[in-house]
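We will go from the whole chain down to single residues.

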Amino acid sequence: MKSVFSYDSVELSENGKELVIIDQSLLPQQEKFIHLTTAEQIFYAITLLKVRGAPAIGIAAVLGVAMCMNRFKTRKMDQFEKEFLRVKRYLSISRPTAVNLSWALDRMERCFYETKLQYEELPEQEAIEKIKKELTAEARSIKLEDVKMCLSIAENGCSILPNNAGILTYCNAGHLAVSRYGTALGPIYYAQQQGMMPKVYACETRPLLQGSRLTAFELMKAGVDVTLICDNMASIVMSQGKIDVVLFGCDRIAANGDVANKIGTSGLAILAKHYGIPCYTLGPTSSIDFNCKTGSDIVIEERPSYEVTDMYFGKTMAPQGIKVYNPAFDITPAEFISGIVTEKGIFKPSEIKKLKKLI
């Protein structure tokens with residue numbers, strides 16, 4: 001068993017022709033790395049949650065675009081461009097809620113056309129090779145930026161934690177969900193390294209159990225004191241004074257400070273406000289969608305019914321034919337969020353306009 005920090009959840013092979021991911025759908029029972037070589041394999045790895053977490057999805061997509069173009073053979077620029085746009089558009093619909101996906105893919109498109117323009121005087125085959133190299137470099141750069149952002153988020157988030165803090169977290173926004181380190185779990189790892197001895201309560205996060213399968217798994221491997229609770233135990237844990245702060249990630253932040261995150265997050269934020277517990281969302285500034293006015297404008301992905309009735313159970317746990325509503329995310333209104341922790345600092349939801357100027 002490798003240390004959780006000895007590998008990244010998403011990596012591009014040295015020759016740029018394979019995308020290597022740890023299959024998160026098999027955790028915690030099995031740490032299996034799979035090698036992807038087509039856009040279709042990447043698409044299904046994302047939709048089937050083999051790779052998940054908003055930043056990790058974005059990184060997988062851009063490294064995947066670079067990989068697909070490195071493998072694509074043609075001497076004609078128009079064919080190369082057509083294939084690039086096909087792969088980019090195809091991967092962009094794999095999961096609609098996380099804004100990191102479209103943000104990262106748009107960067108790859110800008111890189112493509114800027115490089116194409118720069119080398120338009122070259123023979124087409126030479127120009128194609130130049131574009132391949134630039135796309136690979138851009139994808140690797142996006143990943144490196146994400147690593148640096150996560151470390152800054154960890155440092156900024158740690159500043160709000162007292163020694164021996166009781167922390168409630170939800171879903172998985174840790175090392176597995178990003179390029180490295182984590183967003184919501186980043187301050188916990190940083191505090192542990194500083195000798196602050198945080199104590200974490202991880203909600204299981206129904207129906208896909210990212211809290212019990214992934215967060216509990218990686219925190220334990222990192223030596224953090226973690227206790228697993230069912231989602232419906234959050235209120236009593238808060239009422240008993242065990243929680244000093246609630247930390248969770250974000251898949252998209254609207255311009256007014258509303259946050260889309262894993263289904264169940266809004267309920268925790270409402271509970272935290274009732275008990276007077278500060279509640280923070282943590283994520284890179286790329287998670288802020290300034291074109292989205294409020295949370296009501298965010299498209300909420302709906303997932304298949306078997307995730308609720310069958311997945312992770314030994315047998316079906318509901319009547320045959322029962323109707324199931326399975327939204328993957330919910331919207332936490334800005335009024336329930338104490339602050340947004342980013343790589344640029346900590347901001348109140350009402351201060352998002354300041355962030356726009358900093359980015």
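Predicted model: local features only at pLDDT ≥ 70, side-chain atom pairs only at ≥ 80, totals over all residues.

Residues are numbered from 1 along each chain as its sequence is written, and side-chain values use heavy atoms, with hydrogens and water left out.

**Whole chain.** Start with the cartoon view: the chain has eleven helices and 14 strands (DSSP runs, H or I of at least four residues for helices and E of at least two for strands, numbered from the N terminus). Its C-alpha trace spans about 70 × 50 × 40 Å along the principal axes. Of the 359 residues, 56% are buried, meaning under 20% relative accessible area, with exposed over 50% and partly exposed in between (1.4 Å probe, protein chains only).

**The largest core.** Select V10, L19 and M108, the residues with the most contacts inside the largest nonpolar core, which has 43 residues. Such a core is a set of buried Ala, Val, Leu, Ile, Met, Phe, Trp, Tyr and Cys residues joined through side-chain atoms within 4.5 Å. Now color α2 (54-71); α2 gives this core its largest share, twelve residues. Zoom in on M108: leaving aside neighbours within four places in sequence, its contacts (heavy atoms within 4.5 Å) include V62, F84, L135 and I142.

**Helix α1.** Next, select residues 39-47. Which residues of α1 are buried? They are A39, I42, F43, A45, I46 and T47, and their cover includes β2, β3, α2 and α3. Just after α1, click on L49, which takes a positive phi of about 65°.

**E218.** Move to helix α7 (residues 210-221), where E218 lies. E218 is buried yet has no salt bridge (a side-chain nitrogen of Lys or Arg within 4 Å of a carboxyl oxygen of Asp or Glu). The nearest side chain of opposite charge, R52, is 6.6 Å away; here Lys and Arg count as positive and Asp and Glu as negative, while His and the chain ends are not counted. Show N172 too, and you will find a 3.2 Å polar contact between its side chain and that of E218 (N or O atoms within 3.5 Å, one able to donate a hydrogen and the other to accept it; residues adjacent in sequence count only if both atoms are side-chain atoms).

**C230.** Finally, select C230 in the loop between β6 (225-229) and α8 (234-239). Is C230 buried or partly exposed? C230 counts as partly exposed because its relative accessibility is 28%.
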